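User: I have a structure open and want to talk it through. Can you take my questions as they come?

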Amino acid sequence: MDFQLSEEQTLLADSVESWLQDKYDFERWRKLVKTDLGYAEENWKTMAELGWLAIPLPEEAGGLGGGAVDAMLLAERFGRHMVAEPYFSTVILGAGLIQAAGDDKQKTEWLPAIAEGKSKWAFAHAEHGSRFALNETRTKATKNGDGWTLSGRKIVVWDAASADRLVVLARSAGGETDAKGLGLFVVDASGAGVARHDYRTVDNRRASDIQFDHAPVLAVLGDPAHAMPAVEAVIDQAIAYMASEAVGAMAALHETTLAYAKTRKQFGRPIGDFQVIQHRLVDMMMQVESARSLALLSALKAAAEPKERAKAAAAAKVQLGRSGRFVGQQAVQIHGGMGMTDELNVGHYMKRLMMLDTTFGNADFHQRRFAALGD
Amino acid sequence: MDLEFTADERAFRDEVRTFIRSNLPPALAEKTRQRIHLDKADFVAWHKILHAHGWGAPNWPKQYGGPGWTPVQRYIFDEECAASDAPPLVPFGISMVGPVIYTFGTDAQKQHYLPRIVSMADWWCQGYSEPGSGSDLASLRTRADSDGDHYVVNGHKIWTTQAQHANMMFCLVRTDPDAKPQEGISFLLLDMTDPGVKVRPIISIDEGHSVNEVFLDNVRVPKANLIGKEGKGWTYAKFLLGNERTGIAEVATSKQRLKRLKEIARAEQACGRPLLEDADFSAKVAAVEIDLLALEYTNLRMLAAENAGKGVGPEASMLKIRGSEIQQNLSELACEALGYYAAPYEHRPDGSNQPPVGPDYAQGRMESYLYYRATTIYGGSNEIQRNIIAKMVLGL
């Protein structure tokens, strides 16, 4: 048993942290997320130059061949600094899906462009009415001569406005709730038959509702009627990433709140002198550590056989959701009125943690999934 | 023991219901349903409608311009207003400073201010908290120095709700820096239009503007604006906090929020069925409904005691604790019910032609969740409320 990082991993973590400390302080973040784009193209370029976009990509496609643990190191630091660039959508989801379901030609065509920062992707999976259940996908893929077209509606597609390609989960066969019959279809994000309604989300990210009306499909990733095994694998890897992002945010909240409790004085002494505050901070710490443990477990199991991988991911997602809520809410509470202000980072972390809970299914959803997976 | 309202109380309920039905503008009700932050004009509009009917100060005795209702009638009134999505009454005048003025004020203060509160000619705000004095309010440092027949006030108030609308502030100031903390405090009525008053907005995590900082720089306040005796301000402040204790549970509002939550959960689908039929989600809704039922009847027990002329003691702090926790829980469940549609956060201006993102019932739910995080902080944080119960009720 060994939870030590390798020398390379330590170096990576340190260099990410030092770049973020230098370039990504909270005041800059506030300005950045208020721009139209919601992030900086310049930062994206730097991330490409530093090789971060290539970390989880295979070496034969211009990547660094890093595993889920390397992605985890990055995610935790991105969580701590609330990095707004679409790393998750493009590198973890987009490249993840191409890698898991695409053929060699597709991989050589698209992955290097992602690694170089020249191409951005988004994953359209959610639909209104299906809540978090991906088997209830109603967006239809219809065979049209040699190709396919898509019709239907996707909601809350993170980072679609800045993406040039969309991977759309759509039904080519089967009934409305069958897990079989679903495929991954690549479309041009601003192509014909794609009508986007872009908006800002509560955590200051960008998302879109997208109406597809006979949108021409550029390519199909894998079997057009049997994509779910690949989708589930990628989502479980994505959960490992999100769990670490959440750990970064929670750890930052705990540190900030602890520091505040030591300095904020009421009744002639620091509020951290009061047992009620002490116990709350201890409970927060235990939540952060539990989430950290399961984030690590889900990263280490990201390439395991499906059931083992799924159980670890589901557990991490449940923990992320519950811990994130508790830590976020208590950080606001202990900061009192200050915690309620937009100008403090505390509320922003809380909002981000809520969105991490929701994305790909909340704690209840994954608890049920965990139970259904059995022993 | 009798759980039913009397015939008179039922008749009163019907009267209130009929009045609201025929006088509350539907657009205002719709806005109240969707928004946490209403505009000044919205609050004033509803207040003027009530005032024209003689209900401008529902909680006041007749002699000062109120309708002279019993606590049970006030409860019925609150229930009916919330059930119709009427805008909440602005508490600073009618619930906070008004009773202080008619209990401790001079005749001149009563004659000048009370009618203006009932008609909402003045908009009041509460100058209590300071940057260094939140939970420990008695440590406040804003000072009022005597200068002939005036006080000269200097200091810095914070979390002042709706100060941007206010032309008057009631505030706690230190008139005797040498006395023990609670004994050197006085209660002053201050004109916000004085040139020494500066209001700076604070944007809260829901991105709304309802709280402010207020800077007081050599503000001259006539001594005629002192309430009661100099140095007795803490007594009046405690009276104010203890007044209307049974209202702080927000039972009526929460019942309405529970109804909305169920509407959302009926409309949202999970596994091809309404979310409200989902085992996990319906259990959560049931749990908060039971909490609310327990709070409602705890509140009614205290109300009945108040109706019988028995004062309600510090045990009413539990109404604030449970009430705020339930409000938070309800607002959180509403966001949870929305699934992905909790995420969009766009502020559409009034009358915007842009369609909202997601279903209509999603509008304002996240805003409400975020703003309600403050309910366990303001009005004496829940930690402080528990201290009060431990000390005053349990003798610990």
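**Strands, chains and helix packing**

Analyst: To start with a strand pair, β3(A) is joined by seven bridges to strand β7 (residues 206-216) of chain A, and the two run antiparallel. Keep in mind that this is a predicted model.

User: Which residue stands opposite A:F212 in β7(A)?

Analyst: That is A:G152.

User: And how many bridges join β2 to β3 in chain A?

Analyst: Five bridges link strand β2 (residues 140-144) of chain A with strand β3 (residues 147-158) of chain A, and these strands run antiparallel. Across that pairing, A:K143 faces A:W148 of β3(A).

User: What sits between β2(A) and β3(A)?

Analyst: Two residues, and the strands form a hairpin. In the turn, A:G145 has a positive phi of about 65°.

User: Switching to whole chains. How many helices and strands are there in chain A?

Analyst: Chain A has eleven helices and ten strands. Its C-alpha trace spans about 80 × 45 × 45 Å along the principal axes. The radius of gyration of chain A is 21 Å, which agrees with a value near 21 Å for a compact globule of 375 residues.

User: How many residues of chain B are in contact with chain A?

Analyst: 32 residues of chain B, which touch 33 residues of chain A.

User: Which elements of chain B give two or more residues to that side?

Analyst: They are β6 (197-203) and β8 (269-270) of chain B. By class, the side of chain B that touches chain A consists of 17 nonpolar, eight polar and seven charged residues.

User: On to helix packing in chain B. At what angle do α5 and α6 pack?

Analyst: Helix α5 (residues 91-104) of chain B packs against helix α6 (residues 107-118) of chain B at about 165°, and their axes are 10 Å apart. Angles over 145 degrees count as roughly antiparallel, so α5(B) is roughly antiparallel to α6(B).

User: Is that crossing left-handed or right-handed?

Analyst: The crossing of α5(B) and α6(B) is left-handed. From α5(B) the contact takes B:G93, B:I94, B:G98, B:I101 and B:Y102, and from α6(B) it takes B:Q109, B:K110, B:Y113, B:L114 and B:I117. By class, that contact has six nonpolar, three polar and one charged residues.

User: What about α8 and α10 of chain B, what is the angle there?

Analyst: About 15°, between helix α8 (residues 251-267) of chain B and helix α10 (residues 317-338) of chain B, with the axes 10 Å apart. The two helices α8(B) and α10(B) are therefore roughly parallel to each other.

User: Which hand does the crossing of α8(B) and α10(B) have?

Analyst: α8(B) passes α10(B) in a left-handed crossing.

User: Which residues make the contact between α8(B) and α10(B)?

Analyst: The residues of α8(B) include B:V251, B:L258, B:L261 and B:I264. Among those of α10(B) are B:G323, B:I326, B:L330 and B:L333. The contact of α8(B) with α10(B) divides into eleven nonpolar, three polar and two charged residues.

Definitions and conventions. Residues numbered from 1 in each chain as written. Chains lettered and ligands numbered in written order. Predicted model: local features only at pLDDT ≥ 70, side-chain atom pairs only at ≥ 80, totals over all residues. Contact = placed C-beta atoms within 7 Å. Helix = DSSP H or I, 4+ residues; strand = E, 2+ residues; numbered from the N terminus. Nonpolar A, V, L, I, M, F, W, Y, C, P; charged D, E, K, R; others polar. Axes fitted to C-alpha atoms, helices over the stretch in contact; angles between N-to-C directions. Parallel < 35°, antiparallel > 145°, perpendicular 65-115°, else oblique. Left-handed = near helix turned anticlockwise from the far one by under 90°. Pairing = 2+ DSSP bridges. Rg over C-alpha atoms; globule rule 2.2 N^0.38 Å.
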